[in-house]
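Me: I'd like to learn how to read a few features in a structure. Could you walk me through them?

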Amino acid sequence: LNISNIKALEDLSFLAALKELTTLYISNTAVKDLTPLIQLQKLENLYIFNTQVTSLEALIGLSNLSTLS
């Protein structure tokens with residue numbers, strides 16, 4: 001899912017229901033908090049460059065995550 005370049009995007013809570021999501025692009029957004037991604041246990045690829053994210057702690061439990069950029 002590519003939701004990059006949506007400058008007003010701050011809240012990712014709407015993604016929690018997408019349990020089968022394997023790739024997510026949120027680059028160039030105003031996202032600060034990755035906590036909603038905890039629910040995405042199948043997430044393999046996450047692209048978060050040019051965001052306001054300061055902590056990756058929420059990603060610790062995502063054992064399938066192999067690409068983080």
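Reply: Gladly, starting with contacts: a contact means heavy atoms within 4.5 Å. In that sense N50 touches S27, N28 and T29, leaving aside residues up to four places away in sequence. This is a predicted model, where local features need pLDDT of at least 70 and side-chain atom pairs count only at pLDDT 80 or more, while totals for chains, interfaces and linings use all residues. Residues are numbered from 1 along each chain as its sequence is written, and side-chain values use heavy atoms, with hydrogens and water left out.

Me: Which side chain does the side chain of N50 meet in a polar contact?

Reply: A polar contact is a pair of N or O atoms within 3.5 Å; within protein, one must be able to donate a hydrogen and the other to accept it, and residues adjacent in sequence count only if both atoms are side-chain atoms. Here the partner is the side chain of N28, at 3.0 Å.

Me: What is the phi of N50 near?

Reply: Most residues other than glycine have a negative phi. For N50 the value is positive, near 60°. N5 also has a positive phi, near 65°, and N5 sits in the segment before strand 1.

Me: Is N50 buried or exposed?

Reply: Buried means under 20% relative accessible area, exposed over 50%, and partly exposed in between (1.4 Å probe, protein chains only). N50 counts as exposed because its relative accessibility is 54%. By contrast, T51 is buried, since its relative accessible area is 16%.

Me: What does T51 touch?

Reply: Not counting residues up to four places away in sequence, T51 touches I26, S27, N28, T29 and V31. The T51 side chain also reaches the backbone oxygen of I48 at 2.8 Å.

Me: In what order do the strands form the sheet?

Reply: Strands (E, at least two residues) are DSSP runs, numbered from the N terminus, and two strands pair if DSSP finds at least two bridges between them. Here 3 strands make an open sheet in the order 1-2-3, with parallel pairing. Strand 1 (23–25) and strand 3 are the edge strands, each pairing on one side only. Strand 2 and strand 3 pair over 2 bridges, and L46 has L68 in strand 3 as its bridge partner. T51 lies in the loop between strand 2 (45–47) and strand 3 (67–68); N50 is found in the loop between those strands too.

Conventions:
Helices (H or I, at least four residues) and strands (E, at least two) are DSSP runs, numbered from the N terminus.
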